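The following note reviews the model in numbered points, for reading alongside the coordinates. Please check each point against the structure shown here.

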Amino acid sequence: MNKIKAKIKYKSNSFEIIENGDYVVCSVTKKEITLDKLNYWNVDLQEAYNSPVEVQIRFEELKKNK
């Protein structure tokens with residue numbers, strides 16, 4: 001089965017599928033996240049994350065760059 005990367009608009013409490021697909025890519029690990037497992041994202045950066053661990057890593061990166 002060919003997997004297709006989805007295009008998503010991340011909102012505060014939900015996300016909108018712009019282009020249908022099966023997954024998005026974690027901004028930190030670059031691993032695929034199936035849409036049914038997508039629970040963590042950043043609205044301002046429009047990025048997806050695998051878990052709270054990646055959210056924290058990204059937060060620390062942003063804090064360093066300020």
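1. Strands E1 and E2 form a hairpin, with 4 residues between them. Strand E1 covers residues 7-10 and strand E2 covers residues 15-19, and the two pair in the antiparallel sense over 4 bridges. Strands (E, at least two residues) and helices (H or I, at least four) are DSSP runs numbered from the N terminus, and two strands pair if DSSP finds at least two bridges between them.

2. This is a predicted model, in which local features need pLDDT of at least 70 and side-chain atom pairs count only at pLDDT 80 or more, whereas totals for chains, interfaces and linings use all residues. Residues are numbered from 1 along each chain as its sequence is written, and side-chain values use heavy atoms, with hydrogens and water left out.

3. Which residue of E2 is the bridge partner of Lys7? The partner is Glu19. The side chains of Glu19 and Lys7 also meet in a salt bridge, at 3.8 Å from N to O. This pair links distant parts of the chain, with Glu19 in strand E2 and Lys7 in strand E1, 12 residues apart. A salt bridge here is a side-chain nitrogen of Lys or Arg within 4 Å of a carboxyl oxygen of Asp or Glu. Glu19 is partly exposed at 41% relative accessibility, and Lys7 is partly exposed at 47%. The accessibility classes are buried (under 20% relative accessible area), exposed (over 50%) and partly exposed (in between), with a 1.4 Å probe and protein chains only.

4. Ile8 and Tyr10 both belong to the largest nonpolar core, which has 10 residues. A nonpolar core is a set of buried Ala, Val, Leu, Ile, Met, Phe, Trp, Tyr and Cys residues joined through side-chain atoms within 4.5 Å.

5. Leaving aside neighbours within four places in sequence, Tyr10 is in contact with Phe15, Val24, Leu38, Trp41, Asn42, Val43, Gln46, Glu47 and Ala48. Contact means heavy atoms within 4.5 Å.

6. Asn42 lies in strand E5, residues 40-42. Not counting residues up to four places away in sequence, Asn42 touches Tyr10, Glu47 and Tyr49. Asn42 is partly exposed, with a relative accessible area of 22%. Asn42 and Ser12 are 30 residues apart in sequence, and their C-alpha atoms are 8.4 Å apart in space.

7. With residues up to four places away in sequence not counted, Glu47 touches Tyr10, Ser27, Trp41, Asn42 and Arg58.

8. The side chains of Glu47 and Arg58 meet in a salt bridge at 2.8 Å, N to O. This pair, too, links distant parts of the chain: Glu47 is in strand E6 and Arg58 is in helix H1 (residues 52-64), 11 residues apart. Arg58 is buried, with a relative accessible area of 18%. Glu47, Arg58 and Glu61 are linked in a network of salt bridges.

9. How many salt bridges does the structure hold? The count is 6. One of them joins the side chains of Glu60 and Lys63, at 3.6 Å from N to O. Glu60 and Lys63 both lie in helix H1, 3 residues apart, about one turn of the helix. Both count as partly exposed, Glu60 at 31% relative accessibility and Lys63 at 49%.

10. Two backbone angles deserve a check. Lys30 has a positive phi of about 65° although it is not a glycine. Lys30 is placed in the loop between strand E3 (23-25) and strand E4 (32-34), and is exposed, with a relative accessible area of 58%. Gln46, also not a glycine, has a positive phi of about 55°. Gln46 is placed in the loop between E5 and E6, and counts as partly exposed at 35% relative accessibility.
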